[in-house]
Amino acid sequence: MIAKQASRLTLFLLLAPAILWLGLLIVLPHVEILVLSFSERIAPRVYAFGFGNYLEFFTEPLYWRTFARTAFMSILVTALTLVLAFPIALYIARVAQGRLKAMLLLLCLLPFWVSELVRTLGWMILLRETGVISYMLRSIGLASQPVELLYNDGAVILGLVYGGLLFMIVPLANALESLEPAVVEAGYDLGGSRWTVLRRIVIPHAMPGIVAGCIIVFMLTVGNFATPVLLGGKNGLWFTEQIYAQFITRFNWPQGAAFGMLLLLLSSAIVWLGLRLTGQSLGTTLKQA
Amino acid sequence: MNRPSLAWKFYIAAFYLFLFAPLLVVAIFAFNASPFPSPPWRGFTLEWFTGSGAAVGKPGVLVDPIWLESIGNSFKVAIPVALLAVLLGTVNAWVLERAEFRGKTFVAMMMLWPLVIPGVVLGISILAFFSRLANGLEDWLQTDLDLLRPGLPLVVLGQLSFILTIATLIIAARLRKFDRSLEEAAFDLGASRARVLRTVTLPFLRPALIGAGLVALLMSFENFNTTLMLVGSEAPLPIAMYGQMREGASPAINAVSLLLMLGVGGIASVFALTAKAER
């Protein structure tokens, strides 16, 4: 009996940090913004329950357009990242051997250990009107005027794809690693063309990696702040920026909380949909990554 | 797979160029003797690191109090985050790998949850919750609780909320590989529980503890989204950099970035070495 009580006490002590962490830093704060998002200001310093913040979102075009734009561009960025990363992952997993393989993977990892802001700074120096690419275009005579490549959607997409690449390459390469070479050869022996083998054998085998990579890249892209703001400037229009503006600039916390809930909903919905469509579970997906 | 075609190889080469181009220009323009981080090249200088500001208009990073302060602030956040992440992560790993209780799968799922919440949302939710807490406690205790207001302590809590998940996963993965008969042998030889922990289990976990600490340190140093929502007047490095970049920065920011790259490279190679030792 005493032993049982002692072990219960041990269990409680072991669980205490997890309960404090998840309770105070995750669950209660989310309850707080959920409650906050349903409160409306009816008089100075007086708030009441209501759906006003969500109504505001649907009636003000700037808000829902920014939201839709963020969602759409994030899907586009995810798809582009997948297409760009696939040949690299295939090369690392199936072609490169030994030291070259380790080197290529390490070289992929390196830029991503460096802060997102440093990488964004690099793109700004390359793309801006007085930047490196503009300077090079002029010096080889392809342009007579300085060329502004920054502050447009292309720059935002470029920066976001760049930021997502690693998180796509690693799960893809992991998934492709386990593909038996004999299976691929059998595909060729049975008369399959390169394209057929890729489509019918390689891609289905890589599916868990593709799903994991896409989910992670999408989540990171949708929640990004610095890249769209710095590379897009006034044309960046990212939803996280709206949340920041409501919370920090305008000090309208209930509105910002509603936006936060919507972003969380969008991010979770796409993750859930991706898992659902491909029949994967979150646990195995996170392990892939 | 058959032999790679030339086009494929060309693509690989172009890809790696694309990957490193932004980092290279950041590094190169840290040494350009021009007030702006852009071409043309006006000669090599170390002014942006150690200069007094007489030659290029602004002092170098290593003597500029603004940059030094923000680097200091980053350490004030990163060190507590790393220590707490290792300490609490170890206890969490124990819960995941050793404890048996009802609802354990639920707890395990909950521990993964912070990874799927956007950083900005983590930031605002913690900001809002702790403000309410502070308001309530201040009314009740009749004192000021600046600790719970935007500032470095709140940044520590905000970053810890998701870095703890990563630390837990790293340490739990190592604990899973531990052969428990080693502990039993130590018990049979008459060692106390504390002694077994100190002489058998923790030495086995050491590479994972160091690894988790380094990863936590790096993630804390680089975190931007969550930190942005929780900072007060003292800005850690990424926030200070962001401010400078919006204004149109001098090459001093390249110098800071280069120092950051070198620091990160150093930590990452220590991490890679401990990971190798683990195998």
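Here is a short walk through this predicted model, one selection at a time.

Stop 1: Color chain B by secondary structure. Now zoom out and look at the overall dimensions. Along the principal axes, the C-alpha atoms of chain B fill a box of roughly 70 × 70 × 35 Å. The radius of gyration of chain B is 24 Å, whereas a compact globule of 279 residues would have one near 19 Å. If you like to color by burial, 40% of the 279 residues of chain B count as buried. Contacts are worth a thought here too: take those in chain B between residues at least 6 apart in sequence, and 72% of them join residues at least 24 apart.

Stop 2: An unreviewed UniProt entry places the feature "domain: ABC transmembrane type-1" on it. The span is 80% helix and 0% strand, and its end C-alpha atoms lie 21 Å apart.

**Stop 3: where chain B meets chain A.** Show both chains and pick out the contacts between them. On the chain B side there are 66 residues, in contact with 59 residues of chain A. Which helix of chain B gives the largest share of the side that touches chain A? Select residues 6-28 of chain B: this is helix α1, and it supplies twelve residues. Color that side of chain B by residue type and you get 57 nonpolar residues, seven polar and two charged.

Stop 4: Move over to chain A and select residues 39-43, strand β1, together with residues 46-49, strand β2. The two strands run antiparallel and are joined by four bridges.

**Stop 5: the annotated transmembrane regions of chain A.** For chain A, an unreviewed UniProt entry lists "transmembrane region" at residues 12-31, 71-92, 104-126, 154-173, 209-233 and 253-275. Residues 154-173 of chain A are 100% helix and 0% strand, with the end C-alpha atoms 27 Å apart. Finish with residues 253-275 of chain A, where the chain is 100% helix and 0% strand and the end C-alpha atoms are 33 Å apart.

Definitions and conventions: Residues are numbered from 1 along each chain as its sequence is written. Chains are lettered from A and ligands numbered from 1 in the order in which they are written. This is a predicted model: local features need pLDDT of at least 70, side-chain atom pairs count only at pLDDT 80 or more; totals for chains, interfaces and linings use all residues. Two residues are in contact if their C-beta atoms, placed from the backbone, lie within 7 Å. Ala, Val, Leu, Ile, Met, Phe, Trp, Tyr, Cys and Pro count as nonpolar, Asp, Glu, Lys and Arg as charged, and the others, Gly among them, as polar. Two strands pair if DSSP finds at least two bridges between them. UniProt positions are given in the numbering used here, feature names are shortened, and annotations may be inferred rather than shown by experiment. The radius of gyration is taken over C-alpha atoms; the globule rule is 2.2 Å times the number of residues to the power 0.38. A residue is buried if 20 or more other C-beta atoms lie within 10 Å of its own, exposed if 12 or fewer, and partly exposed in between; C-beta atoms are placed from the backbone.
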